[in-house]
Amino acid sequence: MVKSVDHIGIAVADLEEALKLYTETFGLELQGTEVVEEQKVKVAFLPIGDTEIELLESTDPEGPIAKFIEKRGQGIQHIALRVDDIDAALDKMRAEGIRLIDEKPRYGAGGARIAFLHPKATGGVLIELCERK
Ligand code: ZN
């Protein structure tokens, strides 16, 4: 069902500052940025091979990324697993009793269809299922 690690989401307090590390020090290329209003976040995309790092900076003190940093500090916030058919993947999760955050896929950065599983059902890891066309 899972094809690859689509991306790793990292919560950062200051996107410009974080980008210096990933572009200047690690030599990754910034592919672009996007504000996802629904999630109150600005995302920067840094591809590495078949996957990518997404740096996430909150655009709102009440947003999920701001709250994450408040509670746990900066760091890895979620891992996204790529699936071919997110509707079928969600049906499978439901059938296996996995608690979902998103009952239906929603819009994700880069035009993906995404849905989060509840970390209580996945050993404390926030897992995002991600379908790309
Ligand atoms: Zn993500």
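Is His-78 buried or exposed, going by its relative accessibility? The points below start from that residue.

1. This is a predicted model, in which local features need pLDDT of at least 70 and side-chain atom pairs count only at pLDDT 80 or more, while totals for chains, interfaces and linings use all residues. Residues are numbered from 1 along each chain as its sequence is written, and side-chain values use heavy atoms, with hydrogens and water left out.

2. His-78 has a relative accessibility of 4% and counts as buried, where buried means under 20% relative accessible area, exposed over 50%, and partly exposed in between (1.4 Å probe, protein chains only). The residue is found in strand β5; strands here are DSSP runs of E of at least two residues, helices are runs of H or I of at least four, and both are numbered from the N terminus. Not counting residues up to four places away in sequence, His-78 touches His-7, Ile-8, Gly-9, Leu-56, Phe-116, Leu-126 and Glu-128, contact being defined as heavy atoms within 4.5 Å.

3. The zinc ion is coordinated by NE2 of His-7, NE2 of His-78 and OE of Glu-128, at 2.0 to 2.1 Å. Donors are N, O and S atoms within 2.8 Å of the metal (3.2 Å for Na, K and Ca), and because water is not among the atoms, sites may look incomplete. Along the chain the donors of the zinc ion follow the spacing H-x70-H-x49-E. His-78 lies in strand β5 (residues 75-83) and Glu-128 in strand β8 (residues 127-131), so this pair ties together parts that are 50 residues apart in sequence. Both His-78 and Glu-128 are buried, and their side chains also make a polar contact of 2.9 Å. A polar contact is a pair of N or O atoms within 3.5 Å; within protein, one must be able to donate a hydrogen and the other to accept it, and residues adjacent in sequence count only if both atoms are side-chain atoms.

4. Glu-131 also has its place in strand β8, and with a relative accessible area of 4% this residue is buried. The Glu-131 side chain makes a polar contact with the side chain of Lys-133 at 2.7 Å. Leaving aside neighbours within four places in sequence, Glu-131 is in contact with Val-83, Asp-84, Asp-85, Ile-86, Ala-112 and Arg-113.

5. Taking a salt bridge as a side-chain nitrogen of Lys or Arg within 4 Å of a carboxyl oxygen of Asp or Glu, the count comes to 15 salt bridges. One of them joins the side chains of Asp-6 and Arg-82 (2.8 Å, N to O), linking distant parts of the chain, since Asp-6 is in strand β1 (residues 2-12) and Arg-82 in strand β5, 76 residues apart. Asp-6 is buried, with a relative accessible area of 2%, whereas Arg-82 is partly exposed at 27%. Asp-6 and Arg-82 are linked with Glu-52, Glu-54 and Arg-132 in a network of salt bridges.

6. Arg-113 deserves a separate comment. Asp-87 forms a salt bridge with Arg-113, the closest N and O atoms being 3.1 Å apart; Asp-87 lies in helix α3 (residues 86-95) and Arg-113 in strand β7 (residues 112-116), so the pair ties together parts that are 26 residues apart in sequence. Asp-87 is partly exposed at 34% relative accessibility, and Arg-113 is partly exposed too, with a relative accessible area of 31%. The side chains of Glu-131 and Arg-113 likewise meet in a salt bridge (3.3 Å, N to O), and here the linked parts, strand β8 for Glu-131 and strand β7 for Arg-113, are 18 residues apart.

7. Strand β2 (residues 32-36) and strand β3 (residues 41-48) pair in the antiparallel sense over five bridges, and Glu-34 stands opposite Val-43 in β3. These two strands form a hairpin with four residues between them, and Lys-40 in the turn has a positive phi of about 50 degrees. Eight bridges then join β3 to strand β4 (residues 51-58), again antiparallel, with Leu-46 opposite Ile-53 in β4. The hairpin of β3 and β4 has two residues between the strands, and Gly-49 in that turn has a positive phi of about 55 degrees.

Notes:
Pairing = 2+ DSSP bridges.
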